[in-house]
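Hi there,

Here is the structure I promised to pass on to you. Have a look at it first, and then read my notes below.

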Amino acid sequence: MSLPNCSIDPKILVSAKEEFLQKGFAEASLREICQKAGVTTGALYKRFSGKEELFAAVLEPTLKDINALSEAVEQSNYEHLERAEMQAVWDMSEATHQRWIEFLYSRYDGFKLLLCCSAGSVYANFLNDFVAENTKHTLAFVEKAFARGLTKNRIDEDELHILLTAYWSTLFETIIHDFSKEKALHHCRIITKFFNWQAVLGF
């Protein structure tokens, strides 16, 4: 029995990413993807059950990195941190925001697909889902800090979700509006002035 030709897999993924970026998930054509990759539709269906699974495969590297961030936060233990250390977690300096821009722009196509091209797919509500996950972890931090008397403000889950939606939106909008990386990094100066999480939490 001959081994499957794995050399065509990257061609399919590259072609699929181009098609999804150009037309969005809903309007993307598997036939066009195959044609540009120089493969048959049969070869594609041997590897992916359909457009949804192919879209997920294109997004896999970006989603993997997002999940790794979430897992790292989930494993954080704030029980024995001092006030200054807890406060430092919410350091929202320009350098902090620039690190987020570096993270986003090193995965630019993946975030562009999630934010602008995912309508009709299971990732259509990416922003809301991302913020919901972020809210869950942040709420655990906020409640712990308040219970220990390290912060003065107690923010409930709904309010926190609204604030985090605003915060992440201003970072993600740099990609939605096709900012160059240089312009996005400059935008960090504005974000730093606009968001003061340490004040919001009452450190």
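Helix 6 (residues 94–105) and helix 9 (residues 157–176) pack at an angle of about 50°, with their axes 10 Å apart. Helices here are DSSP runs (H or I, at least four residues), numbered from the N terminus. Axes are lines fitted to C-alpha atoms over the stretch in contact, and angles run from 0 to 180 degrees between N-to-C directions. Helix 6 and helix 9 are therefore oblique to each other (angles under 35 degrees count as roughly parallel, over 145 as roughly antiparallel, 65 to 115 as roughly perpendicular and the rest as oblique).

The contact (heavy atoms within 4.5 Å) is made by His97, Trp100, Ile101, Leu104 and Tyr105 of helix 6 and Tyr167, Trp168, Leu171, Phe172, Thr174 and Ile175 of helix 9.

A word on the source: this is a predicted model, where local features need pLDDT of at least 70 and side-chain atom pairs count only at pLDDT 80 or more, while totals for chains, interfaces and linings use all residues. Residues are numbered from 1 along each chain as its sequence is written, and side-chain values use heavy atoms, leaving out hydrogens and water.

**A serine in a loop**

Ser121 lies in the loop between helix 7 (108–116) and helix 8 (126–147). Is Ser121 buried or exposed? Ser121 is buried, as its relative accessible area is 10% (buried means under 20%, exposed over 50%, partly exposed in between, with a 1.4 Å probe and protein chains only). Leaving aside residues up to four places away in sequence, Ser121 touches Phe25, Glu52 and Phe55.

**An alanine in helix 11**

Ala199 is found in helix 11 (residues 197–201), and at 48% relative accessibility Ala199 counts as partly exposed.

Enjoy exploring!

Technical notes. Helix = DSSP H or I, 4+ residues; strand = E, 2+ residues; numbered from the N terminus.
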